Amino acid sequence: MTTHTDAKPQVRSITPGRAATALTPIAFVKAIVLAYSRAGMDPSQALASAQIAPELLENPAARITAAQMESISGLAMQELDDEGLGWFSRRLPWGSYGMLARASISAPNLGVALKRWCRHHGLLTNDITLSLSVSGNSARLSITENRDLQDLREFCLVSVLRNIHGLACWLIDSRIPLSGAQFPFEPPVHQAVYSVLFSAQAFFSSGPAAIEFDAMYLTQPLRRDEVALRQMLKRALPLTVLPYRRDRLLVQRVRQALSSQPEHSHNAEDLAALLHLSTRTLHRQLKDEGASLQALKDEVRQARAIDLLQRSGRPIKQVAQAAGFQNEKSFIRAFKGWTGQSPDQFRRAGP
């Protein structure tokens with residue numbers, strides 16, 4: 001996240017020996033070094049402060065930690081006075097993205113906030129255009145390139161999408177799982193890291209650059225205020241890597257998947273894959289929300305079975321199959337547990 005206050009706080013130092021996984025491609029550091037070069041400035045101090053050895057720049061396979069990337073990005077934004085880190089034809093002076101955040105935080109819901117962010121971003125630069133669109137149950141944030149971004153193209157597109165995704169999660173205080181990400185350039189040598197950067201499958205040579213997620217999140221009210229915004233702006237960069245545990249809509253998404261795609265959600269593994277989660281994460285997050293997969297399955301199956309029994313004359317065996325049961329016997333046993341009646345008794349009793 002490249003949002004900052006007008007004041008220039010000190011970027012925190014890197015703790016030597018701290019346990020951390022180095023996943024950020026050195027290509028992104030090279031892009032920052034290129035921005036220094038184009039500005040006629042020396043990046044040595046920023047590299048040293050972030051504990052990035054200059055020789056790493058020559059190794060395409062090299063990686064740095066998120067803390068190192070946070071450090072060098074913050075220092076570069078201050079020294080270059082450019083929150084765009086050289087991406088655009090004109091600088092984005094310190095505080096530019098903070099201004100966008102303030103313009104968005106008074107929105108009634110996430111959809112309005114993101115539309116404001118996209119619209120106001122165009123006031124900062126016309127090199128790219130951000131847009132939010134909805135098709136069916138899917139929302140898409142996409143970037144239209146209005147000029148050749150040259151050697152900074154990948155770093156720009158990846159950063160802008162991660163920034164807006166991080167801000168969206170922060171605004172509603174919820175994890176927003178992505179269903180996919182796409183990019184208009186060829187797969188880079190470090191393409192494997194994209195699944196970590198976006199926690200979703202990434203597609204290349206497929207433009208424009210975009211991320212997709214469930215449109216239900218757009219209706220969520222914002223859960224942050226001006227006080228929280230001021231605190232966030234003091235250290236906004238970690239928003240792009242903050243692993244939000246809580247997904248406020250997970251229970252709703254599970255219900256929807258079980259109802260609309262029962263054939264693809266017979267077990268936890270299939271359901272987790274459908275929701276772009278690991279099975280372990282699915283169970284853990286449901287527990288955090290005070291729910292269980294079995295209880296949600298029973299709830300959806302019961303609603304479907306009751307609807308079919310009341311609205312159709314289907315044989316009990318067909319109702320059992322439609323409700324997701326392997327056989328009629330297990331369905332009858334479960335239905336008696338729900339209602340105290342057999343399916344036949346319930347149907348004869350009427351609505």
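## The enclosed cavity

The structure, which is a predicted model, holds one cavity of 30 Å³ or more, where a cavity is a set of points on a 1 Å grid over the protein atoms alone at which a 1.4 Å probe fits but cannot get out. The largest cavity has a volume of about 100 Å³, a volume being the space filled by probe spheres set on grid points that are joined across faces, edges and corners.

Its lining, made up of residues with an atom within 4 Å of a point, consists of Leu258, Pro262, Ser265, His266, Lys297, Val300, Arg301, Arg304, Ala323 and Gly324. Helix α12, which covers residues 293–311, gives the most to this lining, with four residues.

## The second largest pocket

A pocket, by contrast, is an open set of points with protein on both sides within 12 Å along at least five of seven lines. The second largest pocket has a volume of about 320 Å³. Of the 14 residues that line this pocket, Asp214, Gln256, Gln261, Leu274 and Leu275 are the closest to its centre.

## Helix α4 and its cover

In helix α4 (residues 96–104), Ser96, Tyr97, Gly98, Leu100, Ala101 and Ser104 are buried, that is, under 20% relative accessible area with a 1.4 Å probe and protein chains only, whereas exposed means over 50% and partly exposed lies in between. The cover over these buried residues of α4 includes α5 (110–124) and α8 (226–234).

## The protein as a whole

The protein has 15 helices and seven strands, counted as DSSP runs numbered from the N terminus, with helices (H or I) of at least four residues and strands (E) of at least two. Its C-alpha atoms fill a box of roughly 85 × 40 × 35 Å along the principal axes. Of the 351 residues, 49% count as buried. Among contacts (heavy atoms within 4.5 Å) with a separation of 6 or more, residues 24 or more positions apart account for 66%.

The accessible surface, from the Shrake-Rupley method with a 1.4 Å probe, comes to about 16600 Å², of which 50% belongs to carbon and sulfur atoms.

## Basis of the values

Residues are numbered from 1 along each chain as its sequence is written, and side-chain values use heavy atoms, with hydrogens and water left out. In this predicted model, local features need pLDDT of at least 70 and side-chain atom pairs count only at pLDDT 80 or more, while totals for chains, interfaces and linings use all residues.
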